[in-house]
Amino acid sequence: MSDTPFGFGLPPEEPDDGDEGKKKDPHSGGGQGPANPFGFGMSGAGGFGGPGADNPFAAMFGSLNPNDLGAAFQQLGQMLSYEGGPVNWDMAKQIARQTVSQGTAEGSKDASVGPADRKAVEEAVRLADLWLDDATSLPSGSHSAVAWSRAEWVEATLPAWRELVDPVAERVGNAMGDVLPEEMQAMAGPLIGMMRSMGGAMFGTQIGQAVGVLAGEVVGSSDIGLPLGPAGKAALLPLNMQTFGKDLGVPQEEVRLYLALREAAHQRLFAHVPWLRSHLFGAVDGYARGIKVDTGKLEDVVGQFDPQNPEQLQEALQQGMFQPEDTPEQKAALARLETALALVEGWVDAVVHAAAKPRLSSADALRETLRRRRASGGPAEQTFATLIGLELRPRRLRDASRLWASLTDARGVDGRDALWAHPDMLPNATDLDDPDGFVHREQIDFSELDKMLGEAADKPDLRKKDEGEDGDKSGNEGDGTE
């Protein structure tokens with residue numbers, strides 16, 4: 001489990017991939033979005049809790065210049081007037097775009113993708129698909145290859161984030177309306193409505209910041225092992241790929257090809273395993289249903305809620321208000337999701353390595369770089385843990401990759417990929433601890449299954465024959481009695 005509280009807040013430290021865990025200045029933009037969760041940019045005497053806090057309008061807006069004042073009032077209006085679902089996704093999109101426009105902490109700014117980069121991505125994906133034909137029996141799943149800017153990645157992936165995050169946020173929204181006794185809820189209706197509006201805006205802001213930061217680091221549409229982009233579109237981000245390969249000492253063409261292989265492999269898997277997407281997203285929903293809210297803390301927040309200080313809602317969320325239920329159902333949902341994600345990533349890792357190893361001199365180095373990126377808590381894992389409270393364990397990724405490689409050796413490419421025909425045929429968490437045992441055991445089970453299927457195929461003919469003979473008998477007997 002992630003140590004990150006269920007507060008939808010960004011991790012306090014950078015991913016351990018070169019900055020030595022350097023902490024960011026919480027008051028600087030730094031690519032992390034506004035220091036204040038609602039984007040007002042408050043600090044110093046004009047911020048919450050400062051000397052100006054006695055005057056709420058001075059506290060909220062006193063430090064803003066006239067050009068920002070209108071935008072601040074507009075954001076406040078959006079907060080209080082929101083009446084949609086558990087997350088204000090309009091605000092999430094706005095904050096994500098703002099975060100992207102600020103650039104990354106390293107100073108890299110987003111830019112439109114030029115024709116040369118688009119052509120390079122298209123050619124890389126086309127070549128990657130040709131190489132994958134030898135490494136998997138699943139046909140191409142990409143009907144197009146696209147090169148995205150960071151802003152385009154945000155626009156294209158927000159629908160998937162909505163599907164992932166809404167179940168968790170819904171639990172929080174329901175809890176906000178349930179903490180007061182029923183007879184008091186009618187009297188406190190306006191307050192509850194305001195809290196829900198503020199909660200939706202708060203979640204939207206947090207998610208927008210997280211997605212905006214992630215847009216500065218991901219290299220494609222499938223970095224977290226989930227299909228975040230539109231189906232059938234293999235997408236890569238040229239600017240982020242350049243940053244990824246800058247200090248590796250590997251030609252940029254090889255970096256692009258290797259990342260194209262990973263993107264194309266994900267596309268094949270999700271295109272030709274129709275149940276996989278719903279299986280993964282359903283596991284997230286099942287996990288969310290097991291989240292419980294510390295109603296004692298929430299009651300304290302409701303009782304002390306100050307409309308002039310909406311920031312306290314976020315502070316409460318970041319103090320561990322949300323915890324998973326310690327029940328067999330919750331543990332099963334967690335294990336199902338983590339195992340499924342590990343199997344997806346392990347299969348992609350094994351297939352891409354098989355396709356790249358004979359053709360790219362840097363295949364081993366690139367593979368290990370990506371594995372370490374995962375193991376060190378890279379951007380995808382940290383953001384995923386932040387948004388839904390889960391973390392893909394790196395050990396499971398390596399174990400799953402070894403299992404798929406063993407299956408390839410034992411059964412060949414077709415036999416390995418046949419396991420994706422049904423979720424019940426896939427390994428479970430225990431099998432990842434003993435890949436060789438799974439391969440050996442399943443070989444015996446498959447032979448029995450083939451025998452059973454053969455017998456079942458013959459039974460309808462026998463049944464029809466028996467029914468025909470019985471029909472003749474009854475018919476003859478009928479004629480005799482008449």
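User: What share of the contacts with a separation of 6 or more comes from residues 24 or more positions apart?
Analyst: In the protein chain that share is 78%, where contact means heavy atoms within 4.5 Å. Keep in mind this is a predicted model, where local features need pLDDT of at least 70 and side-chain atom pairs count only at pLDDT 80 or more, while totals for chains, interfaces and linings use all residues. Residues are numbered from 1 along each chain as its sequence is written, and side-chain values use heavy atoms, with hydrogens and water left out.

User: OK. How many helices and strands are there?
Analyst: The protein chain has 18 helices and four strands. Those are DSSP runs numbered from the N terminus: helices are H or I with at least four residues, strands are E with at least two.

User: And what percentage of the residues is buried?
Analyst: 51% of the 482 residues. Buried is under 20% relative accessible area, exposed is over 50%, and partly exposed is in between (1.4 Å probe, protein chains only).

User: Let's do helix packing. At what angle do H9 and H13 pack?
Analyst: About 130°, with the axes of H9 (residues 252–272) and H13 (residues 328–356) 9 Å apart. The axes are lines fitted to C-alpha atoms, for helices over the stretch in contact, and the angle runs from 0 to 180 degrees between N-to-C directions. That makes H9 oblique to H13; under 35 degrees would be roughly parallel, over 145 roughly antiparallel, 65 to 115 roughly perpendicular, and the rest is oblique.

User: Which residues make that contact?
Analyst: On H9, they include Tyr258, Leu261, Arg262 and Phe270, and on H13, Val344, Trp347, Asp349 and Val352 are among them. By class, the residues of the contact of H9 with H13 come to eleven nonpolar, one polar and three charged. Here Ala, Val, Leu, Ile, Met, Phe, Trp, Tyr, Cys and Pro count as nonpolar, Asp, Glu, Lys and Arg as charged, and the others, Gly among them, as polar.

User: How far apart are the axes of H4 and H9?
Analyst: 8 Å, and H4 (residues 115–132) packs against H9 at about 65°. In H4, residues such as Ala120, Ala124, Leu127 and Trp131 meet a set in H9 including Leu257, Ala260, Leu261 and Arg268. The contact of H4 with H9 divides into 13 nonpolar, no polar and three charged residues.

User: Back on H9, is Glu263 buried or exposed?
Analyst: Glu263, which is found in H9, is buried, with a relative accessible area of 2%. Not counting residues up to four places away in sequence, Glu263 touches Gly220, Ser221, Ser222, Lys233, Ala234, Ala235 and Leu236. Glu263 and Val352 are 89 residues apart in sequence, with their C-alpha atoms 9.6 Å apart.

User: Switching to Leu158. What does Leu158 contact beyond four places in sequence?
Analyst: Trp89 and Lys93. Leu158 is in helix H5 (residues 150–178) and is buried at 10% relative accessible area.

User: Last one, H10. How far apart are the end C-alpha atoms of H10?
Analyst: 20 Å, which agrees with the 20 Å that the 14 residues of H10 (residues 276–289) should span at 1.5 Å a residue. The expected span is 1.5 Å times one less than the number of residues. Gly282 is in H10 and is partly exposed, because its relative accessible area is 28%. The buried residues of H10 include Leu276, Phe281, Val284 and Tyr287.
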